[in-house]
Amino acid sequence: MALKAQIEEMEDLHKEAAILEELQSSPYVCRLFGRGADDSCAYIVMELLDSSLATHFEASEYKFSMETTLKLGMKIIRAIQSIHDLGY
């Protein structure tokens with residue numbers, strides 16, 4: 001799990017959590033476990049994802065094969081389509 005908390009501009013985190021909640025049916029969006037706030041802090045609890053694409057790119061000495069690039073491109077297109085289908 002990952003915890004994201006914000007003290008200032010709490011409204012931004014409220015908006016982020018609301019959008020994340022609306023996107024939960026997409027398999028390309030991390031799971032939202034909870035959200036909340038008190039007088040001084042807002043927070044969201046979500047799925048902790050694997051290592052970043054940047055980490056994999058660095059590990060491959062900053063070069064992906066054509067096959068990897070095409071697979072990645074297709075996954076990105078499917079993710080964008082999934083989110084678009086939900087109204088974003």
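## Strand pairing

E2 and E3 form a hairpin with four residues between them; strands (E, at least two residues) and helices (H or I, at least four) are DSSP runs numbered from the N terminus. The model is predicted: local features need pLDDT of at least 70, side-chain atom pairs count only at pLDDT 80 or more, and totals for chains, interfaces and linings use all residues. Residues are numbered from 1 along each chain as its sequence is written, and side-chain values use heavy atoms, with hydrogens and water left out.

Strand E2 (residues 32–37) runs antiparallel to E3 and is joined to it by five bridges, where pairing requires at least two DSSP bridges between two strands. In this pairing, Gly-36 stands opposite Tyr-43 of E3. Strand E1 (residues 2–6) also pairs with E3 in the antiparallel sense, over five bridges, and Lys-4 stands opposite Ile-44.

## Burial and the nonpolar core

Four of the five residues of E3 are buried (under 20% relative accessible area; exposed is over 50%, partly exposed in between; 1.4 Å probe, protein chains only).

The largest nonpolar core has 12 residues, including Met-10, Leu-13, Ala-42, Ile-44 and Met-46. Such a core is a set of buried Ala, Val, Leu, Ile, Met, Phe, Trp, Tyr and Cys residues joined through side-chain atoms within 4.5 Å. Helix H1 (10–22) and strand E3 (42–46) each supply at least two residues of this core, and H1 gives the most, with four.

Leu-86 lies in the segment after helix H3 (66–85). Leu-86 is partly exposed, with a relative accessible area of 33%.
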